[in-house]
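Please look over the sequence and the structure below.

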Amino acid sequence: MSRNPIALVDVNNFYVSCERVFDPSLEGRPVVVLSNNDGCVVARSQEAKDLGIETGTPWFKVKPSAAAWNLVARSSNYELYGDMSARVMEVVGRFGTWQEVYSIDESFLGLTGTEGQLREIGEEIRAAVARQVGVPVCVGIASTKTLAKFTNRIAKQNAAMGGVCSLDSMPVGQVETIQERVPVTGLWGVGARTGDRLKAQGIVSIADLKRADPLAIRKKFSVVLQRTVLELNGTACIPHTEERVDKQQIMFSRSFSTPVTTLEEMGQVFSIYAQRGAARLTAGGQCATMLTVSAGTSRFAGGDASFPAVTLRLPAPTSDPIVLTRLAVSALRGMIVPGTSYVRAGVMLGGLEPARGQEQFDTFVDDRESLDLGGLLGSVRAKFGDTAIGLGAGGLAEPPGWSMKRELSSPRYTTEWEDLPVVSAR
DNA sequence: TCTGGGGTCCTAGGACCC
DNA sequence: TCTGGGGTCCTAGGACCC
């Protein structure tokens with residue numbers, strides 16, 4: 001493997017670990033972090049996992065036992081997690097010849113060194129992140145991304161390894177034993193659907209898949225699964241993209257704290273969501289060419305749920321909040337049935353392309369010809385806060401009744417001056 | 001009573017062109 | 001009126017990820 005080893009570095013129980021950095025009283029206690037609207041569990045501390053709480057469990061089902069379990073729940077605080085993520089990535093990136101940030105809490109890293117040095121580097125990464133950011137990470141090192149993910153899992157599940165595992169330093173027999181035991185769906189890229197289809201072919205464990213003929217797998221399944229087979233056998237074939245490529249779509253979608261039933265309220269929703277989407281476009285220097293608005297009734301209410309959606313092709317690529325808001329609101333007529341209880345809605349911007357100066361306004365020749373409205377709104381919000389300015393309903397000082405609920409949120413410790421933690425010593 | 005949000009990649013099939 | 005083959009682009013939907 002000595003050629004081009006790859007590390008997968010990820011934070012243990014990331015959201016919970018972020019909460020613990022600023023509230024050490026959470027150490028050792030079961031902690032869960034909830035989805036938007038405090039709906040269901042999205043992250044768990046080890047203690048919470050040990051209690052048998054699964055990801056996706058609705059909070060109202062867990063809540064009655066919370067006191068008895070000494071369980072703490074927090075609303076998700078994405079502002080905090082996003083900022084902590086950037087800090088972790090910066091520290092981890094110092095150790096690699098290249099780095100690919102794969103998700104909010106994990107990145108692939110190119111390493112160099114002998115087998116013995118690799119383990120040391122892994123330990124240095126752990127120590128650096130613990131000291132400079134304060135969260136625990138695990139490191140898995142192998143010759144391909146798929147194997148690095150698998151090795152990271154081994155590091156996580158064996159406390160004796162101290163959070164670092166290099167696949168080639170493990171006895172071959174031991175690796176084979178694990179691969180015989182772990183089901184294929186434990187692999188990166190193999191989900192439940194593919195798992196069922198593989199089982200029908202007699203392929204159950206990771207070891208089974210590793211022995212399969214790559215060409216046959218490609219024929220029966222897909223090129224994606226063929227790559228998994230090759231990577232399991234040490235042939236790296238999933239390329240890494242070091243540069244952050246532009247996004248291809250932007251979605252703003254939320255559940256409501258109380259159902260929305262009228263055209264008027266849904267107009268508010270689409271107006272506000274379209275403006276949030278437009279703000280993200282502007283921030284990323286992009287324009288959209290397609291707009292999709294959608295809504296949904298509850299899957300749990302009994303009867304048939306409905307998920308109406310309308311997609312519009314924009315007359316010209318744009319990030320103009322006025323254009324996007326107008327179109328999003330106009331799309332709801334004929335799509336939304338008044339009197340129906342909608343529990344969620346979303347605005348999706350697609351077919352994104354880089355913004356090209358003022359061209360985005362060329363087809364809308366009015367007195368805004370040379371005005372970058374999105375940029376202007378963005379700078380006002382940056383200075384005076386997210387709710388300082390907006391179009392129509394987006395400019396309401398008081399959030400509407402259906403707005404998201406986050407009753408158990410921690411402060412934005414690292415991104416707002418007024419939320420800065422205070423430390424004192426005696 | 002109360003059940004998340006935001007993405008990517010691949011494939012198949014249709015429209016269209018030469 | 002019949003006949004052929006090859007290619008691109010776009011879109012919808014599936015599967016997967018965290």
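E9 gives the most to the surface near DNA strand B, namely 6 residues; helices (H or I, at least four residues) and strands (E, at least two) are DSSP runs, numbered from the N terminus. Strand E9 (250-260) and helix H11 (223-232) each supply at least two residues of this surface. The model is predicted, with local features needing pLDDT of at least 70 and side-chain atom pairs pLDDT 80 or more, while totals for chains, interfaces and linings use all residues. Residues are numbered from 1 along each chain as its sequence is written, chains are lettered from A and ligands numbered from 1 in the order written, and side-chain values use heavy atoms, without hydrogens and water.

In total, 19 residues surround DNA strand B, and the closest are Met251, Ser253, Arg254, Ser255 and Arg344; near means that a heavy atom of the residue lies within 4 Å.

At Met251 a polar backbone atom lies 2.7 Å from a phosphate oxygen.

Elsewhere, helix H12 (residues 263-283) packs with helix H13 (residues 321-330) at about 145°, the axes being 8 Å apart; axes are lines fitted to C-alpha atoms over the stretch in contact, and angles run from 0 to 180 degrees between N-to-C directions. The contact (heavy atoms within 4.5 Å) includes Phe270 and Ala274 of H12 and Leu324 and Ala328 of H13.

Technical notes
Polar contact = N/O pair within 3.5 Å; in protein donor to acceptor, adjacent residues only side chain to side chain.
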